[in-house]
Amino acid sequence: MYPGHTTDETKAIISGENEMVYDPWTRIYLGIAAANNAIAGAENVNLEDEIKYPVTAQAYFARAFYYFHLVRLFGDIPYIDTPVSDIDAASSLTLTPESQVYDNIIADLQFAKTWLPDTQPSRAAASSYLALVYLTRAGTSDMTNFQLAFDEAKEVIDNKGDYNLDLDPDFQTLFNANKIDNSLEPIFALDYNSVEAPDNGYDQTSPMTGVRGDFGWSVAVPTMAVYDSFEDGDYRKNVSFQTEATINETLVDYNNFDISGHEHAVNRPYIAKYSRYPGDFARGDKRATSHNYSMLRYAEVLLIAAEAGVEIGSPLALGYLNEVRSRARNGGESTSGGYTEVTIPSSSVPADLTSITLEDVLEERRIELAFEGKRWYDIKRRQLGDQVFGASGYEGLKPDWNSSEDYDTPIPQDEIDRNPNLGGL
């Protein structure tokens, strides 16, 4: 639901009968079940804590990771922390209040932070996710959670040398499947392997965002306002957008992307983060790539610290924000918008800020993390729907937007039909 300013106009109401609602719900709960089985099984293993807990901590981290996505999408959800094999027990599950789900997520991440090693998922991953969970829970005004978010993020920043973390000097590397393995920036990543797994269990982001007639499907295309909102000279604009494509053996710019003749092709810059350097892939349309998708990277930790820092009045917030902007000025090895790789020179854009506001940080998140699956969660936690889905919003006009209902994705109707307890608290 609104994964990152990619529509012109969204009028349809998402319902619980939508497969795109049911599919993630089902798959995430399968992951939670696997984590629960691992945690329960470990209780029967007679080993010293120092040997056993670093292993089980991975299951605690995974469970927190899954529930964090669920609670942000759906709000109140069934919270299950033990294996369920009895049909009667499964059919009598009830919704757990959102606040209690967050309590459990935090407890799992704290356990993981205590016991995880330095490999992925690492202590740094657990601490970074704690920072993001606290920031999310803070909403718009909870100073206690803003302070907790700042403290967790600052701990990761202050210990980046021990954690072997840093900003990658070249922003393009983060979206280059052939180079990202050597980058220090990813903190927790999902690693695809260019294998066409059954049941669509493989990466399809590249064709989803690609140009019709080139290799893609023209499914997720940014609005022109989003492209225009990136400053010219900001290297992230070059990395984030595809402005040229070869269609019918002809190199054209985005003003002519519709020469393919396909009804979904549009004359606007497309998303380039996932299609420019996909590495090996199993299908000719760049499905099943070898991309490593950063679920959380060091730049976001800096922006978490900056945002929470603004809220609590920390003088460090400005420096954290400018560190991200400074990297964007580096330039690097990318393309000019088409397929010829060139070195993009360093730039004076974006300039360092001399003061900082909350709006500055949210705007920096929008630019830095564009199309990385972060924007909707920012919209929800900051209650920005009325603003961004209005006539002047980047997300595209949604005339039927209703802030009292639309921040939560509806629970799949099939689940409610099987268990009416899930129909609402």
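This is a predicted model: local features need pLDDT of at least 70, side-chain atom pairs count only at pLDDT 80 or more; totals for chains, interfaces and linings use all residues.

Helices and strands are here runs assigned by DSSP, at least four residues long for a helix and at least two for a strand, and they are numbered from the N terminus. With these labels in hand, one can say that the protein has 16 helices and eight strands. Its radius of gyration is 22 Å, close to the 22 Å that the globule rule gives for 425 residues, so the protein is as compact as a globular protein of that length. Taken along the principal axes, the box that its C-alpha atoms fill is roughly 60 × 50 × 40 Å.

The average pLDDT of the protein is 91, and 95% of the residues score at least 70. Over residues 1-12, however, the pLDDT is below 50, although this stretch has 46 contacts in the model beyond near neighbours in sequence.

Together with Val45 and Leu47, Ile51 makes a nonpolar surface patch of about 250 Å².

Which strand is joined to S3 by four bridges? The partner of strand S3 (residues 244-247) is strand S4 (residues 250-253), and the two run antiparallel. Within this pairing, Ala245 has Val252 in S4 as its bridge partner. The two strands form a hairpin with two residues between them, and in the turn Asn248 has a positive phi of about 55°.

Salt bridges can also link parts of the chain, and the count for this protein comes to 36. One of them is formed by Glu368 and Arg297, whose closest N and O atoms are 2.8 Å apart. Glu368 lies in helix H13 (residues 358-368) whereas Arg297 lies in strand S6 (residues 292-297), so the pair ties together parts that are 71 residues apart in sequence.

Two further details concern the backbone. Most residues other than glycine have a negative phi, and most peptide bonds are trans. Asn200, in the loop between strand S1 (186-191) and helix H8 (205-209), has a phi near 60°, which is a positive value in a residue other than glycine. The peptide bond from Val349 to Pro350 is cis, with omega near 0°, and Pro350 has its place in the loop between strand S8 (341-344) and H13.

Definitions and conventions:
Residues are numbered from 1 along each chain as its sequence is written. Side-chain values use heavy atoms; hydrogens and water are left out. pLDDT is the predictor's confidence in each residue, from 0 to 100. Contact means heavy atoms within 4.5 Å. Two strands pair if DSSP finds at least two bridges between them. Patches are made of residues with over 30% relative accessible area and no salt bridge: like charges are joined within 9 Å, nonpolar side chains (Val, Leu, Ile, Met, Phe, Trp, Tyr) within 5 Å. Accessible areas come from the Shrake-Rupley method with a 1.4 Å probe; for residues, only the protein chains shown count as cover. A salt bridge is a side-chain nitrogen of Lys or Arg within 4 Å of a carboxyl oxygen of Asp or Glu. The radius of gyration is taken over C-alpha atoms; the globule rule is 2.2 Å times the number of residues to the power 0.38.
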